[in-house]
Each structure stands twice: as structure tokens, then as C-alpha cells.
Amino acid sequence: MSGERPCPQCSQPIPAGFKFCGNCGYKVEGGAPAPAPHPTKGSTMYFGAFQMPGRARLILIKGSGQDGTTYYLTGQDHVIGRSDGSIRPEQPDPFLSPRHANFFYDNGNLLVRDEESVNGVFVRIKGSVPVQPGDNFMVGKQLLRLDLTEEYTEPRAEADGTYYYYTPHIPASFLVTRVLQGGIDGDVYRAEGNSLTMGRSGNTIDFPSDPFISGNHARLEFTGDGYSLTDLNSRNGTFCRIKNDQQLVHGDFVFIGQQLFRVEIT
């Protein structure tokens, strides 16, 4: 029997936890040692490599919104790319650079770094975040850029004194440029006041054919302290392209190429 030991007087086995020998009555100091603990029948031990405290995992979000492949970030660096790194997409992604981004730890915190990729790394914002002219952000499937207005010059007459007919100039606080395939500038939207809203309907800028945009999705505004981008509790969120190493926390969403990941930290 597990945990038994011999009696010092008669050498007969004494069961674990007994204070006296059942054969000769010899008193055992402290009792026989109890057996070492062991998992009960049917219990399952956690796989330690997947449950390291403070370590993270990336959950790939499928097009249906369901969880897909899980990538465990148990090392120091975890590169995602089209051809480099340990994180590879399940399907070919032409919007991924060969070496696109790196998820790494610094002082116990998880960070993501854009490895000079073509299309960048986008992180879902929470509430309002400061932005600057030239920053790129995503609303639904729309890639947009905040721009400054160009300096307006009064029209001049031709040599014969005739003016070209033109659309009247409308002052604007800032511009929002829609970025098209190949990085080409598309439509340009003007903020006639100090703010504009974006969504599917009833906004300054509407994208009625984009099914991933909420009715009132996001707001961009200028204040005396600068520019801010605000998500208006949209269903799919507003994503801003990172310019420096970005710390991530539990529940963050990261968009890379055509891959959407959710961050979970144990």
C-alpha cells in the first residue's frame, strides 16, 4: 500500500496515518507519513506551456465573427509575415509584407511593432484618441487619412481679363482623404466646421454600401489642443495605424493585412 513504512520494533508494515503498529502496538512518533498528493481519477492537468502567467495569445477572428486559430505568444519575439516569422495566415494574404509585424514583450508588457510594412498595423481605438495630419485610420472597409487644408489663393483673370468659371471655395478646418487601391488618393471630404462624422447614413460622410460600417460610426474633430478621433460605439470598431511600438492589453483588436486578431493575456 502506498505510504506504508516498517515498524521499528517488529518490522511489520504500518499503514499511512496510523500512530500504532497493528502487530505489536509500538507507538509511531508523528504517525506514518501520509501519501504524496496526486491527481484524482478523471482530473486533467493544464498544459503549462499554454498557461504561462503574463503571456498572451492571438485569436484569429473569422469573417463570420467566430474565433479561429489561436497563436500562443510564449517566447520573446513573434513575427507575422507573408514569408517570415512564426505566425503565418491560414490563407494567402497579398496585403501582408514578407515581414510585417512583431509581437514582443518588454518589462512584462506585450507590444506590437510595425516592421516597416507597406500596409501598416492598425489597432482598434477605445473612446477618443489624438491624431495628427497624415495619420491613417479605418472605418469599416474604408481606409482614410487626415489631411490639412491647402492654402487658398484668389483666382486670377486670364490675359484678356476673363475668369474661369469655378466652384466657390468653401473654407474647411481639415480634410479627410479616401485612400484607394495602390495608395492613390480618392475622394476628398471637407470639414466645414470643426468636426465631421462618418457612418452609413445621416453623417457628414456616408458609405451606404459598406456593410461593416455602423449608422453613426466615428467622429473626427479639431479643438484648440489638436485633432481627435472618436469611435461612436460602432459594432466593428475604428482602427488607427500605429506609428511607434504600441502596448497591447487584454481584449485589444489588431488588424494586419487582412487578418483581424483579438489579444488575450493570461
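Modeller: We start with polar contacts: a polar contact is a pair of N or O atoms within 3.5 Å, and within protein one must be able to donate a hydrogen and the other to accept it. Keep in mind that this is a predicted model.

Colleague: Which atom lies 2.9 Å from a polar atom of the side chain of H217?

Modeller: That is the backbone oxygen of G237. H217 itself sits in the loop that runs between β15 (205–206) and β16 (218–223).

Colleague: Is H217 buried or exposed?

Modeller: Buried means under 20% relative accessible area. H217 has a relative accessible area of 0%, so it is buried. Setting aside residues up to four places away in sequence, H217 touches V139, G140, M198, G199, F212, T230, D231, L232, S234, G237 and T238.

Colleague: How is empty space found in a model?

Modeller: A probe the size of a water molecule is rolled over the atoms, and this shows where empty space is left. Here the largest pocket holds about 1600 Å³ of space. Its lining is made up of 40 residues, and M138, K141, F255, G257 and Q258 lie nearest the centre. Among the elements that give two or more residues to this lining are β3 (56–61), β10 (136–139), β11 (142–147) and β21 (259–265).

Colleague: Which classes of residue line the largest pocket?

Modeller: The lining divides into 17 nonpolar, 16 polar and seven charged residues.

Colleague: Why does the largest pocket lie between domain 2 and domain 3?

Modeller: Because domain 2 (56–120 + 242–265) and domain 3 (122–150 + 171–241) both give residues to its lining.

Colleague: What is the volume of the second largest pocket, and what lines it?

Modeller: The volume of the second largest pocket is about 360 Å³. Of the 15 residues in its lining, I125, V129, C240, I242 and Q246 lie nearest the centre. Two or more lining residues come from each of β8, β9 (128–131), β18 and β19 (246–248). By class, this lining has six nonpolar, three polar and six charged residues. Domain 2 and domain 3 each supply at least three residues to the lining of the second largest pocket.

Colleague: Where is V123, and is V123 buried or exposed?

Modeller: V123 is in strand β8. Its relative accessibility is 7%, so V123 counts as buried. Beyond its neighbours within four places in sequence, V123 is in contact with residues including T238, C240, I242, Q246 and F253. V123 and F253 are 130 residues apart along the chain, and 5.9 Å separates their C-alpha atoms.

Methods
Residues are numbered from 1 along each chain as its sequence is written. This is a predicted model: local features need pLDDT of at least 70, side-chain atom pairs count only at pLDDT 80 or more; totals for chains, interfaces and linings use all residues. Side-chain values use heavy atoms; hydrogens and water are left out. Helices (H or I, at least four residues) and strands (E, at least two) are DSSP runs, numbered from the N terminus. Buried means under 20% relative accessible area, exposed over 50%, partly exposed in between (1.4 Å probe, protein chains only). Contact means heavy atoms within 4.5 Å. On a 1 Å grid over the protein atoms alone, a cavity is a set of points where a 1.4 Å probe fits but cannot get out, and a pocket is an open set with protein on both sides within 12 Å along at least five of seven lines; lining residues have an atom within 4 Å of a point. Grid points are joined across faces, edges and corners, and a volume is the space filled by probe spheres set on the points. Ala, Val, Leu, Ile, Met, Phe, Trp, Tyr, Cys and Pro count as nonpolar, Asp, Glu, Lys and Arg as charged, and the others, Gly among them, as polar. Domain bounds come from an automatic or database domain assignment.
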